Amino acid sequence: HEEEARLTLIGLTAGRTVRRDLIVVDIGGGSTEVVEIGPNRPARAAGIPVGAGRLTRSLVSHDPPLATEIASLTAAAGAAFTWSPSRPPDDVVAVGGTASNLLKLVRRSAGTDVADDLDRAALDTVRRIVSGARAESLAVQFGMREARIRLLSAGAAIIEAVLARTGVEAVRVADSGIREGAIIAVDRAGTGWRERLEELAHGWIG
């Protein structure tokens, strides 16, 4: 968790110095990675055993999902997300395919550009759309993969849990993550990049 978390931070900040308390959330299929960092304090990572794929497989059996299933997803994500930040964050960022696809659905449903964040209103929009038609139909309508559509209700539930745990009004979505972080770390530190991850995670630009 620690190494992956620091690489995700490096990918997100791209070397910019960390000057505010930051939390980064990476929603995976089986689990969710959370890391927090701030000026002059080390990165702190945790793995939460709840992911969009795992939640969907365990709680959703209908297409489109029923209202009761969506409610169960929200309850299960909230119960599993026992992690709490050590201090109130200035910024919370979500990375990974699930977060990006949640934002993509909201943007395409609005027909115009919206902010790069997900608040509770945006999550309600996702739930309304996903519960209103079969995944195959929505995939055609919004130009997304059907498999991704099926994970969005669970993804929204996890983001809802993040909002509740961190106390922020919205989570910002970013495309950069662990892959970009690995490239930057090797480019910056060479073969010794593993020993310098904490230093690199705090940035060196600006």
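## Exercises on a helix pair and a sheet

In this predicted model, helix 5 and helix 7 pass each other in a left-handed crossing.

**Exercise 1.** State how helix 5 is oriented relative to helix 7, parallel or antiparallel.

*Solution.* Two packed helices are described by the angle between their axes and the distance between the axes. Take the distance: the axes of helix 5 (residues 120-130) and helix 7 (residues 146-166) come within 10 Å. Take the angle: the axes cross at roughly 160 degrees. Angles over 145 degrees count as roughly antiparallel, so helix 5 is roughly antiparallel to helix 7.

**Exercise 2.** Describe the six-stranded sheet and find its edge strands.

*Solution.* Begin with the strand order, which is 3-2-1-4-6-5. The sheet is open, and its pairing is mixed. Next, look at the edges: strand 3 (41-48) and strand 5 (117-119) stand there. Each has a single partner strand, so one side of each is left without a neighbour in the sheet. From one strand to the next, the twist averages 25 degrees.

**Exercise 3.** Work out how strand 2 is joined to strand 3.

*Solution.* Strand 2 (residues 32-38) and strand 3 run antiparallel. Six bridges join them.

Conventions
Residues numbered from 1 in each chain as written. Predicted model: local features only at pLDDT ≥ 70, side-chain atom pairs only at ≥ 80, totals over all residues. Heavy atoms only, no water. Axes fitted to C-alpha atoms, helices over the stretch in contact; angles between N-to-C directions. Helix = DSSP H or I, 4+ residues; strand = E, 2+ residues; numbered from the N terminus. Parallel < 35°, antiparallel > 145°, perpendicular 65-115°, else oblique. Left-handed = near helix turned anticlockwise from the far one by under 90°. Pairing = 2+ DSSP bridges.
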